[in-house]
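Please look over the chain below before reading on.

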Amino acid sequence: MKTQKMKYTIVIVFVLGCLASHAQQTKWTLEACVDYAIKNNISVQQSLLDKTVADVDESQAKSNFLPNLNANASYNINTGANINPATNQFENTTFSSASGGISSGINIFSGLQNWKTLQRARLNQLATTYRLEKMKDDIALLVANSFLQILANKEQLKVLRAQNRVTKENIDNTSQLVESGVVPQGDLLEIQATDATQQQQIIQAQNALFISKLALAQTLQLEDYDTFDIVDVNYGIIPVAMLEKNPKVIVDKAKTVVNDIKIANTNLDLAKKDLEVARAAFYPSLSGFISYNTRWSSTQANPFSGEDIPFVDQLYLFDGTAVGLRLNVPIFNQFNTSNSVKRNKINVERLKLQKQQAVLDLESTVYQAYNDALNAKKAYDATLKVEEARRLAFDYAKERYDVGLSNAFDLNQSRVQYDNAQSDVIRAKFNYIFSTKVLEFYFGIPIMNE
């Protein structure tokens, strides 16, 4: 029996260990990072609340078309000379009275104010949706930049480690040559100094990688920083399709897909609708109403018998209904309506200018993004050529060193130049990748595409 329990315990521990190992080894894709950030970002959650408020406003605008319904009741203790609510006569005595009723009213016409308010509420729903989508786009770009920075730091670390492995092999080879008396001790010391410098660079690269992971984890609002990691995406061949397009084509496309323009258009529509709502106050308003009321008095007596009329009987005897229309014609209200219209006209003109500025800003941003991507490609191509030239120079310097025609210092200088060229390639490569991602974003291509 103990043996059986022990077997179960071992199995459970093994399964839990596997699950824990799997949890630690889980790596995040760019799409997973973007999705998680969008779902958990505080600014996005606030925008979602704004959208919920807009939905409530739209629901209220619909409810404004419905009639209202109200009930009222009152109870009084009267002393001295008071009007009896049942007889409408003055009575100089102490008596109790009560009244109650129910009424309903409906707006028939008020310059189409309710209809315009509903239209505005629907426009506001659209505006909050666009603002929410813009917030998501901004977060996606931020996450993509952080994601690519981690990849760049990983690649830089790989290059530094590979360089250091070669240096350590040179230390072993040079040690043998020093012992054989072929090369002086100074050559070995020079290479050992190179090894120490590379070890320092590796530590710095590890720290940069950790900081970039930490930055993305904080953007995602994760608490487990130590085990956080991303999938190693290989951006070997960078597409150049976007750079082959005319910038004007990208600008025209951006005007239809980027939320900044949609927000500017919707804000202008909202301002125009506010102006229509303000103008509606110039019109007369017509409403209908119906009401039912009843009364009771403690001193109400039957004129034939002289006995007090019971409470319930009084409610039936002294009740009544009223049905009618109410017309309200605005004549003068201290110029409130006209000034409100003027303010809304000014706001319309302001938002027209903001829309024009948004279009100009977008055009400038897209052209800048296009030039950034174009220059990034040129810089990347140039660094590739420099890297190849530095590699050939280093190979030549190593050949000269191996046959004794050069010293370790010259070899180390050539190595440093080659190492710097490799680092420049990595920086230029990921700068080019991100610039291309930004350009694709303005063309409507999702940032999550890897």
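In which helix does T117 lie? T117 lies in helix α4. The model is a predicted one. Its chain holds 10 helices and six strands.

**Overall form**
- The radius of gyration of the chain is 40 Å, whereas a compact globule of 450 residues would have one near 22 Å.
- Along the principal axes, the C-alpha atoms fill a box of roughly 145 × 80 × 35 Å.
- Of the 450 residues in the chain, 36% are buried.
- Take the contacts between residues at least 6 apart in sequence: 81% of them join residues at least 24 apart.

- Helix α9 covers residues 336-402, a run of 67 residues.
- At 1.5 Å a residue, α9 should span 99 Å, and the 93 Å between its end C-alpha atoms agrees with that.
- Helix α7 (residues 259-279) packs with α9 at an angle of about 170 degrees.
- The axes of α7 and α9 are 9 Å apart.
- How do α7 and α9 run relative to each other, parallel or antiparallel? An angle over 145 degrees counts as roughly antiparallel, so α7 and α9 are roughly antiparallel to each other.
- The contact of α7 with α9 has 12 nonpolar residues, along with six polar and six charged ones.

- Most residues other than glycine have a negative phi. Two residues with a positive value follow, L112 and Q221.
- L112 has a phi near 60 degrees and is not a glycine.
- L112 sits in the loop that runs between β4 (95-109) and α4 (113-180).
- The relative accessible area of L112 is 48%, so this residue is partly exposed.
- Q221 is not a glycine either, and its phi is positive at about 60 degrees.
- The loop that holds Q221 lies between α5 (185-219) and α6 (247-257).
- Q221 counts as partly exposed because its relative accessibility is 38%.

- Is T117 buried or partly exposed? Its relative accessibility is 26%, so T117 counts as partly exposed; the cut-off for buried is under 20%.
- Neighbours within four places in sequence aside, T117 is in contact with A61 and V277.
- T117 and K213 are 96 residues apart in sequence, and their C-alpha atoms are 48 Å apart in space.

**N84 in the β2-β3 loop**
- N84 is found in the loop between β2 (81-83) and β3 (90-92).
- With a relative accessible area of 0%, N84 is buried.
- Which residues does N84 contact, leaving aside neighbours within four places in sequence? The residues are Q89, E91, F95, S297 and T299.
- N84 and N173 are 89 residues apart along the chain, and 120 Å separates their C-alpha atoms.

Conventions:
Residues numbered from 1 in each chain as written. Predicted model: local features only at pLDDT ≥ 70, side-chain atom pairs only at ≥ 80, totals over all residues. Heavy atoms only, no water. Helix = DSSP H or I, 4+ residues; strand = E, 2+ residues; numbered from the N terminus. Expected span 1.5 Å × (residues − 1). Axes fitted to C-alpha atoms, helices over the stretch in contact; angles between N-to-C directions. Parallel < 35°, antiparallel > 145°, perpendicular 65-115°, else oblique. Nonpolar A, V, L, I, M, F, W, Y, C, P; charged D, E, K, R; others polar. Rg over C-alpha atoms; globule rule 2.2 N^0.38 Å. Buried < 20%, exposed > 50% of the residue type's maximum accessible area, 1.4 Å probe, protein only. Contact = heavy atoms within 4.5 Å.
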